Structures are given as structure tokens and as C-alpha cells.
Amino acid sequence: MSTISATTVENEKSSFFSVAALQKVVAFAVLLLLVAFFSLASPVFFSWLNAVNIMTATAVNAVLGIACTLVIISAGIDLSVGTLMTFCAIITGILSINWGLPLWIGIPGALLTGALVGAFSGSLIAYLKIPPFIVTLGFMRALYGLNVVVTSAKPIYFDDKPDYAFISPDSTISLLIPGLGIPNAVFVMILVAIFAAIILNRTILGRFIYALGSNEEAVRLSGVNVNLWKVGIYALSGMICGIAGLLLSSRLGSAQPAIGMGYELDAIAATVIGGTSLTGGRGTILGTIIGAFIISILSNGLTVLSVADEWKYVATGAILVTAVYVDMRLRNRS
Amino acid sequence: MKKLIAAAALLGAATALSATAHADSPYYAIIAKGFDHQFWQAVKKGAEDQAKADGVTITFEGPKTEAEIDKQIDILNADFAKKPVGLGFAALDTKAETKALQQYADAKIPIVAFDSGVANDLPVTTCTTDNEAAAAEAAKQLAKAIGDEGEVADEIHDQTSATGLGRRKGFEEEIAKHPKIKLVDTRFANADAKAADDIKAILTAHPNLKGIFASNEGAANGLAIAKKETGSKVIGIGFDSGKKQKDAINSGLLAGAITQNPVGIGQCAVSSLTKVLKGEKLPKTIDTGFYYYTKDNMNDPKIAAVLYD
Amino acid sequence: MAKKPPQKKTTGAKKAKPAPKAMAKPAMAPLSAAMPHPAPMVATPTTTKPVVVEMRGIDKSFPGVHALKSVRLDLHAGEVLALMGENGAGKSTMMKILTGVYQPDAGEILVDGKPVTVPNPRAAQELGISIIHQELNLMNHLSAAQNIFIGREPRRGFGIFTDNAALNAKTREVFKRMKVDIPPDVEVGELTVAKQQLVEIAKALSFDSKVLVMDEPTSALNEKEVEHLFAVIEDLKRHGVAIIYITHKMDEVKRIADRITVMRDGQYIDTVSAATTSMAKIISLMVGRELVDSTREEGRGNGEEVLRVTGLNSGKHIKNVSFSLNKGEILGFAGLMGAGRTEVARAIFGADPIDSGEIYIHGKKSRIKSPADAVRNGLAYLSEDRKRFGIVTRMSVRDNITLPSWGRYLTARLWMNDRALNKDAHEYVGRLKVKTPHVHQESRLLSGGNQQKVVIAKWLLRDCDILFFDEPTRGIDVGAKAEIYKLLQNLAAQGKAIVVISSELPEVIRLSHRIVVMCEGRVTGELDGKDATQESIMHLATLRQANAA
């Protein structure tokens with residue numbers, strides 16, 4: 001056998017350096033292009049206040065996107081993130097408002113609920129071998145129904161717990177740097193992103209997320225208890241949905257039972273625009289954050305330009321398909 | 001969690017109940033537009049109160065959101081199979097649903113429209129707020145509040161429904177009568193967070209904006225959130241009520257809002273059916289009325305009675 | 001050691017391999033115009049019938065493998081020509097060239113005496129050449145008639161609707177010609193495999209095929225179904241259809257074939273008359289006179305027994321299999337394709353469920369329900385299909401080597417200790433001489449041999465001491481094979497217990513201390529490595545149950 005030739009070494013370079021980075025570069029380029037375009041097209045777009053608006057509008061979708069990203073890298077799919085988000089928010093509402101328990105119980109309650117529901121759907125996927133699309137489609141609908149039932153279709157208002165606003169709309173940083181105005185939701189989003197990135201890159205769970213997404217059967221035949229790890233992945237994803245639920249309900253000052261459906265598609269769109277492969281094995285948290293920002297910049301920018309609402313959807317759809325296509329082409333070449 | 005368990009038990013019992021419930025008393029099918037706003041809970045309450053008074057059984061159903069026209073048609077068809085003696089119906093899209101309604105007419109089941117009208121003569125009457133007049137009132141109040149000049153915008157809850165179209169038309173036609181007021185943008189959003197992000201973008205694009213009209217509870221909540229998050233001094237007027245919107249009016253985030261009479265709409269739908277079945281003649285439309293309320297008159301008993309949380 | 005002539009170097013190692021079936025794209029150089037090859041006239045037993053297909057001087061290389069070396073073949077109208085040879089002899093590649101799946105690097109194909117090119121399978125069909133694969137290509141949810149005439153359905157109503165009545169009538173006609181009784185509108189998925197095969201044959205005939213290639217057509221049929229198939233074949237012969245029949249089964253060849261063309265190592269060996277040639281002669285043609293150099297380490301593992309399997313049963317692939325394996329021993333598993341060797345390994349490894357049977361590891365009865373259980377017991381399985389089951393191609397060399405052992409590299413039960421991972425991966429890369437620039441290289445960029453070493457490394461790192469190698473040198477080029485052999489022998493010498501499943505007889509003979517031979521899910525015999533010859537293995541490997549009695 002010939003020794004490693006120059007070409008393989010080059011391949012190595014491109015694989016180690018860019019293939020992972022490339023997808024982010026594509027998404028990031030789209031992001032910059034959008035910012036440049038809207039800044040030129042509208043005198044008011046490029047302002048700090050509007051930047052804060054965009055960040056605020058991105059937070060929930062980005063966090064849900066992160067939940068989706070973990071599952072999608074493992075070659076699964078989660079359609080229930082939106083209604084699970086709402087379910088978790090409602091649980092926090094029930095615990096801290098209806099039952100009057102302190103927030104330090106109500107808030108972890110959302111995360112625990114998300115993790116438990118995630119573990120439940122993960123178990124159905126792993127042990128009963130029901131396709132994830134079906135299981136999470138079922139959970140999406142079932143949770144919607146439960147949300148309406150447990151609240152009797154009435155929102156739960158957090159007026160009794162004004163501190164709850166700390167999670168999303170309050171701006172702690174403005175106390176330090178007045179006028180900055182970034183709400184805490186943005187920092188929660190950043191923390192969740194860092195947390196998820198660390199899980200993905202530094203922990204055994206993260207390694208298995210990528211490994212399962214690349215070749216589940218090979219992993220199973222390596223003597224790994226694949227089912228257990230799958231449950232773990234969905235539980236983690238569910239927990240992050242719980243965080244999204246806290247963000248949304250804190251911003252609205254209420255847990256709204258009817259909200260949630262439709263959020264999963266935005267989250268998956270952000271994930272895919274960010275370069276995560278729907279067939280698994282590839283994807284990054286940073287890419288998803290960029291994807292979520294692309295969606296909200298598009299929406300904000302087109303509104304600022306007074307472009308009619310319906311065109312927002314056309315534009316998001318076009319960007320989604322284009323981004324994935326460009327990503328595929330670049331990858332095929334490398 | 002108790003509720004969860006109760007819900008599960010209920011679900012199991014529901015089928016049995018609905019099969020037997022209207023064996024002895026007359027059964028009306030009442031179909032609403034959705035459940036994503038508290039408005040519908042108030043309509044439901046009115047309908048249920050009236051049903052008790054009239055000694056009839058009703059089912060009060062609706063799709064999940066006000067965009068799901070197809071689901072509403074499914075409900076129409078499903079309820080028909082339950083052989084109701086009367087139908088109360090709040091149409092999401094009157095044209096799309098004509099065929100499903102026709103079968104009721106063919107079976108000589110009287111139809112009473114509520115909330116928004118049905119664009120044909122199938123219903124014997126329509127219990128509704130005059131949406132155009134109500135939104136025109138909102139425009140007048142907004143004009144007064146901003147000193148009858150400057151830029152305004154409207155956040156409409158829906159692009160296609162009769163209430164969305166009517167409120168937009170009423171508002172914009174009235175604004176057009178004020179030469180110094182300019183309508184600079186119209187947006188559509190029905191959920192709090194999305195409406196808030198929308199309105200924040202409008203505020204960015206139009207820094208001189210003086211006033212915004214939000215055409216339902218979700219849009220108005222979004223307007224309040226947007227004002228709170230940006231600190232904008234724009235004057236807002238909402239529509240309908242709901243706890244968050246009332247709080248916003250009390251705290252000054254919103255100048256006021258138009259309220260319909262949802263409880264009255266629900267009552268009207270049921271009582272009209274009862275009257276028709278007794279052979280009474282009814283007018284083509286029954287205006288259930290509207291009010292403009294601010295923090296000053298919110299506790300007025302007449303107003304408080306039609307506001308809901 | 002038997003007295004063997006001081007032979008040439010390992011014939012086995014040079015064995016040409018057909019490309020794996022699942023190969024996504026035929027990665028090969030485009031064919032330069034088929035050069036007229038100065039092929040010698042074929043000296044074969046003559047028949048009076050006209051020659052319908054002639055292939056001359058066919059040459060084909062895949063990266064690292066010279067699969068066909070100037071191979072020839074001729075086929076007469078109305079005859080059955082059996083194409084025989086060991087796995088990897090080049091039969092499938094030859095047929096893929098005839099049917100347009102591959103393009104030859106050199107050589108020419110003549111149909112009815114005229115030179116033709118077969119750029120794709122469709123072109124082959126238009127020339128009247130059809131192939132019936134071992135794995136049938138039918139759409140289970142469509143009817144027999146729809147399958148046969150797919151894409152060619154009779155139309156009516158301005159060509160918008162398919163004319164089902166006409167479709168079924170045409171199908172009935174074809175079936176009648178074949179004297180088979182299958183309702184045209186039956187859903188194919190509901191037919192037995194034998195009947196599905198007849199549907200495939202009917203499909204070929206509906207193209208007016210004059211040449212039919214059948215690849216192991218009886219592998220899934222029972223005795224009665226085989227008889228019926230043979231009757232159909234006889235009938236086709238009478239109608240002048242020429243048949244190329246690929247099989248391993250000696251008795252079938254004797255019954256159905258007129259002539260036999262034997263291939264070995266990608267070369268044409270001989271064409272003989274089926275009626276007048278003995279089985280022994282055919283086998284010796286297939287395996288070659290030159291016997292294999294055995295550089296096998298002397299002395300079998302005399303160590304203690306580490307694995308004993310008794311009465312293993314699973315479905316129809318594994319029937320009452322028992323064997324034992326000693327420390328330091330290499331145990332060969334020989335048999336033809338579909339004999340159940342892979343299934344046995346997967347069942348023991350917990351990858352597939354078993355119906356009954358007991359597994360003793362180090363003398364202790366073990367319940368293995370999943371690969372995780374197996375690995376915990378020190379068992380490892382190296383799949384024949386490395387890319388699907390062995391390696392995670394998109395992961396780095398390091399992550400592949402450490403995958404089964406990740407649990408050991410944790411701090412606080414969560415954090416991966418990358419430094420330790422790098423260190424161990426590096427150590428094993430060095431120990432097994434994996435050629436990679438560094439341990440972070442993506443595994444798909446490695447050659448087959450190096451990928452195999454990575455897989456071996458992962459099991460060694462996991463402390464597995466009972467290793468099942470399924471086709472350890474498949475897809476690995478000649479030079480690297482010897483290296484893998486050496487590696488296996490060293491592992492055995494270090495006290496690992498090794499099972500080698502291989503379809504390449506020279507490989508089995510060269511490596512094994514003992515050889516278990518399987519046929520149709522049963523163990524048909526066990527040979528001592530020293531005494532085993534390709535003939536003796538082949539004899540056991542073709543010992544079908546009916547003959548065994």
C-alpha cells in the first residue's frame with residue numbers, strides 16, 4: 001500500500017478545518033448579506049435599538065432550534081418542541097401560581113417536565129422503534145390538547161410573581177451599563193447555546209449524538225447501549241424546550257395554552273439553515289443560532305421596509321432552500 | 001396535576017356523555033372560531049348560561065386557531081351527524097363553508113350566525129358586533145388622542161376573516177377622513193409574541209409614529225409588550241378585553257380598547273335559535289353592541305359586565 | 001505439513017474481488033473504445049447451434065484489483081452454460097459487463113456475430129439480454145402483470161389510462177408460454193420466492209430475450225420448486241433461449257447444464273462438457289492445481305477453551321450449530337455464500353435474536369441479548385460490510401478506535417478526556433501500523449486495509465479477546481491482505497481467540513488451525529487446518545441435506 005499521499009493530507013486539512021466550519025461560513029455570509037442589504041435599503045434598520053429588537057425576537061426560536069439541533073444531529077427529528085415548550089411553561093404556572101410554590105421550584109419544574117416528556121418520547125423511539133417523526137408528531141398534538149385541558153383554555157398569569165420577569169424581559173445588564181437595553185432573554189439564549197455546545201463537544205453524550213447520527217448500526221455493533229443514549233438525547237432536548245417555555249411565558253407574563261404549534265417549523269428551519277444535516281451526523285449550535293438570526297432579521301428587515309407580510313414567508317422559504325442547496329454543493333465539492 | 005388526572009377521566013367519559021346528553025332536551029350545535037383567545041371563553045359562557053335558561057343542550061366547539069378553516073368544516077360535518085335541532089355558527093370563511101352549511105339548510109335545521117356574518121341568506125339571523133362601526137370608533141378615539149395629526153399604523157389579527165377585514169376597513173376608512181393623519185403601515189399577527197416583534201419593527205421603521213390600533217386581544221397584548229420593551233410613547237388602542245389587555249389599559253400602556261359584548265353574543269346565538277324554533281320572526285342582524293373603554297370607565301357596571309379575563 | 005511443491009506465492013492473496021454489490025457508483029475509468037482484442041479462437045466442445053453471444057478478451061480493473069484478465073465466453077442458442085468458480089473468481093463482474101452495469105477496460109462483445117457496446121442495462125435489454133439477480137428486483141405492492149410490463153403498460157383513452165384488461169391478457173399469454181399458473185393480478189409480495197422468480201423470468205421473456213442470465217436462481221427454493229424451475233428452463237431451451245447459469249451447486253450443474261465455463265482469479269480457465277466431466281475434475285478446475293502456500297504458524301492454540309456454542313438455532317439460516325474455540329486459536333469458517341456463517345457470528349454477538357442454543361464463555365454459560373452484552377463478555381465482531389457496520393466513516397480515526405471504550409475516558413462521568421483519547425488512539429495507530437497522518441483524520445479517507453486496522457484497534461482497546469472476523473480482507477488490496485494475515489496470526493499468538501469467516505478458501509486454509517464448514521445453515525464438517533484442502537472444503541460446503549443422508 002502506498003503511504004499517505006499529498007492529496008490525502010490536503011483532504012485532511014479541508015476536513016478538519018473547513019467542512020465543519022464551511023456550513024457556518026455559508027450561513028454567516030447570508031447573515032451579513034442580509035444585514036448589509038437592509039442597512040442600505042433602510043436608514044433606520046441599522047441601529048442599536050433595532051438590534052436589540054432582533055435579538056429579543058430571536059431568543060425563543062434559537063433555544064428551540066438548539067433543542068432540535070441536538071436531536072437532528074443524532075438523525076432524529078422533534079416536531080413536539082413547540083407544544084412541549086408551552087406545556088413546560090404551563091407546569092411552571094401551575095406550580096408557582098395555582099399552587100403558590102416559590103419560583104425556585106416552579107422554574108426547575110419546567111426543565112424537569114421537559115426532560116421527562118423528552119425521555120418518554122425518546123423511550124418510544126428507542127425501545128418500541130416507532131419512527132421519531134411519528135412519535136413527536138403525536139406528542140405535538142397530544143401536548144396541545146393537554147395544554148388546553150389542564151388550563152381550561154385560560155392563560156395562567158404570572159402577576160403574583162413579578163420576579164418571573166427576570167428570566168426574559170428584565171435587563172440586568174442595563175443596571176450595569178445603562179442604555180444597553182439587552183433583555184435577559186438574550187443572555188439566557190447565549191447560556192443555553194454555550195451549554196449545548198459544551199455538551200456536544202466535550203461530553204460523552206455529545207460524542208454519541210454525532211456517532212448515532214453518522215451510523216447508528218455501527219455504534220450498536222460496537223457494543224454501545226444505543227437505546228439508553230437516545231432516551232438521553234430526547235430528554236436533553238426536552239429540557240431545553242422547557243427553557244424556551246420559561247423565556248416565552250416570562251416575556252408574555254403568562255403561560256398561553258394555545259401558543260406553540262408552528263414554532264417547531266421555525267426551529268427546524270433555523271437548524272437547517274444553520275447547516276445541520278437532516279440525515280444526521282453533522283451540525284453545530286453556532287450554525288443554528290445564526291440560522292435563527294437569519295430568520296428574525298429577515299422578518300424584522302422586511303417589516304422595516306414595509307414589505308407586505310406575506311412576502312416574509314416567501315423570503316424565508318427561499319432562503320431556506322437556497323442555504324441548504326449552497327451548503328450541499330459546497331460539501332459535494334470538498 | 002389533579003387537573004391532568006381529571007382531564008384524562010373526562011376524556012374517557014366524554015364520548016358516553018355526549019351520546020346520551022341530548023336524548024331528552026333539544027340539542028344545539030354551537031361552533032366557534034377557535035379557542036386561542038379569552039374572547040371565546042366569554043362567548044361560551046354566554047351560550048352556556050342561555051342554554052341553561054332555555055333548557056336546551058349545547059356543544060360548544062371550534063378549531064384550535066382562527067386560521068383552520070378546514071378544521072371548522074370538519075366540525076360542521078361531524079356535528080351534522082349528531083342531528084342537532086339548531087346550529088349556531090361563527091364562520092371563519094363564509095364562502096369556503098357554504099357547502100357544509102347547505103346540508104343544515106336542506107335538513108331544515110335553522111342556522112344562527114354569530115360573531116361574524118355569513119355571506120349568504122342561509123342564517124335566519126346574525127348576532128354580531130358591527131365590526132366596521134366598532135373599528136371606526138377606535139379610529140375616532142385614536143385621532144382624538146394624538147391631536148388629530150401624525151402617522152398611525154394598524155396591527156390586524158387576520159388577513160382573511162370577516163372580523164379582520166371589517167375592523168381594518170372601519171379603522172382605515174375613518175382615518176382617511178382625517179386629512180392630517182397618515183396611515184403608514186398595516187401588519188398582520190394574531191399571537192402575542194409575534195405581534196410584539198412586528199410592532200417593534202414598525203416602531204423602528206417609523207420613529208415618528210403617533211398611534212397604533214391593534215385589532216384583537218393577541219395583537220393588543222403584543223402592542224403592550226412592544227411598548228414596554230421599547231419604552232415607546234406611541235399611543236395604542238386595542239380591541240376586545242382579556243386580563244393582559246385590561247392590565248395594560250390600567251397601567252397606561254394602552255389608552256383604551258373597544259370591547260364587544262361576547263357574553264351577549266353567546267346568549268344571542270342560543271336564544272335566537274330557541275326563538276326561531278318557537279316560530280318567532282327575527283331581524284336579519286342583531287347588533288350585540290360595543291363600547292370604548294378606558295381605565296376611567298372600566299369599572300362601570302355596564303362595561304365591567306362585558307369585559308372578561 | 002503435507003508434501004507440497006515449493007509453490008509460487010499465495011494464489012489466494014491475489015484473488016480478484018468483484019466490487020461489492022452495494023457499490024454506489026462504479027468508480028472506474030471511462031472505457032476507451034473497445035480495442036479489437038486478438039483473442040484466440042475458443043476451443044470448446046462444439047455444439048451445432050449458432051453462437052448468440054461471444055465475449056472476447058474482456059479485461060476489467062477496479063482500484064487496487066485486477067478483476068478480469070482477458071476473459072472469454074461463448075454462448076449458443078438453446079443451451080444452458082454454467083458459469084462456475086469460487087467467490088471472487090469474477091463471474092459476477094463478467095455478467096455485469098454483459099448486462100451493461102460495468103464497462104470493460106478492454107475486449108469486445110458480439111451478439112449474433114456483430115460487435116456491440118452495452119453502455120447500460122437498458123441497452124442490454126434491447127439486445128435481448130436479461131439478468132435475473134439473486135436478490136429479486138420486484139415491486140412487492142404491484143401485481144405480477146404490473147411488474148412485468150412496468151413502463152410499458154398498454155394504454156387506452158388517449159394514452160392516459162393503463163388498460164388493465166389488455167395488461168392482464170398479455171401477462172397471461174407470457175405465463176402460458178412458460179406453462180406456469182400465476183394469476184396476473186396477484187400482488188407479487190404475496191407470492192412465494194419461487195413464483196416471484198418466475199415473474200422475473202416472465203418479465204425477461206416479455207422483452208423477447210434470447211439470452212437469460214440466472215444468478216444462483218435456486219438459492220432460496222425448495223426441492224419441488226427447483227424441479228419446476230428446471231422444467232421451465234428446459235422449455236426455454238426448446239424455444240431457443242440461451243441461458244447462462246451461475247451456481248455453486250454441483251448436482252444442479254450436472255442436471256441442467258450443457259457446458260460449463262470455469263473461472264478462477266479473474267481468469268478464464270476452461271470450458272467443458274457437463275455430461276462427460278466428473279465433479280472432482282470440475283472442482284479441481286475451480287480451485288486450481290496449485291495448492292496454497294501455508295505460512296501458518298505451527299501448533300494450534302492449545303490453550304483453554306474460551307468459547308463453546310451448542311445447538312444454536314435461528315430462523316432458517318442457523319440450524320443446530322455447535323463448535324468450540326480455544327485461546328490462541330484461529331478457527332476458520334468456510335462455506336458458500338448464504339451458508340449461514342455471518343448469521344452465526346451475528347447471533348452469537350447478540351446482533352440478531354436466536355431461537356435456541358447455549359453459549360459458554362470461559363466455561364460460563366452466558367446470556368447475550370445485545371451487542372452490549374457480547375462486548376462486556378469480551379466478544380467482538382468485525383463485519384464483512386465495514387462501511388455500514390464496522391466503522392463510522394464520518395468520525396475520526398481516534399473516535400472510531402475509542403468508541404466502544406468511551407465510557408472509560410470520563411471525568412465526573414460526563415466529560416470526555418480528549419488528551420487520554422488522543423494518547424490511546426495514537427498508541428494503537430502505532431501498534432497496528434495504521435497509515436494515517438494523525439488520529440484526527442476522518443476515517444472515510446483511509447484505505448480499506450487501514451480502516452480494517454482501525455476496527456481491529458477498537459476491539460483490542462476494548463480488551464476483547466474473542467474476535468469474529470467476517471471476511472477480514474474483503475475490499476482490501478493485495479499488499480494489505482498479507483499484513484492483515486500477519487496481524488491475525490500475531491493476535492492469536494498473543495492469546496486472543498479468533499474466528500475467521502471467509503469465502504476465499506486459500507485464506508481460510510492459510511490462516512486456520514481448524515476449519516468449520518457450513519452448508520445451508522448446518523455445520524457439515526470440521527477439518528484440521530493441516531489436512532484441509534480446497535477440495536475437501538468444497539466437498540463439505542456443497543453437502544446439501546438431501547445428499548448428506
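**Figure 1. Contact between chain B and chain A in the predicted model.** Chain B puts 28 residues into this contact, and chain A puts in 30 residues. On chain B, six elements each supply at least two residues: helix H1 (2–21), helix H2 (38–54), strand S7 (181–188), helix H7 (192–205), helix H8 (217–230) and helix H9 (243–250). H7(B) provides the largest share, nine residues. By class, this side of chain B holds 12 charged, 11 nonpolar and five polar residues.

**Figure 2. Contact between chain C and chain A.** Here 35 residues of chain C meet 26 residues of chain A. Two or more residues each come from helix H10 (371–376), helix H11 (386–390), strand S20 (415–416), helix H14 (448–461) and helix H15 (478–493) of chain C. H10(C) gives the most, with four residues. The side of chain C that touches chain A divides into 20 nonpolar, eight polar and seven charged residues.

**Figure 3. The fold of chain B.** Chain B contains 11 helices and 12 strands. Its radius of gyration is 20 Å, close to the 19 Å from the globule rule for 309 residues, so chain B is as compact as a globular protein of that length. The C-alpha trace spans about 60 × 45 × 35 Å along its principal axes.

Figure 4. Take the chain B contacts between residues at least 6 apart in sequence: 74% of them join residues at least 24 apart.

Conventions: Residues numbered from 1 in each chain as written. Chains lettered and ligands numbered in written order. Predicted model: local features only at pLDDT ≥ 70, side-chain atom pairs only at ≥ 80, totals over all residues. Rg over C-alpha atoms; globule rule 2.2 N^0.38 Å. Contact = placed C-beta atoms within 7 Å. Nonpolar A, V, L, I, M, F, W, Y, C, P; charged D, E, K, R; others polar.
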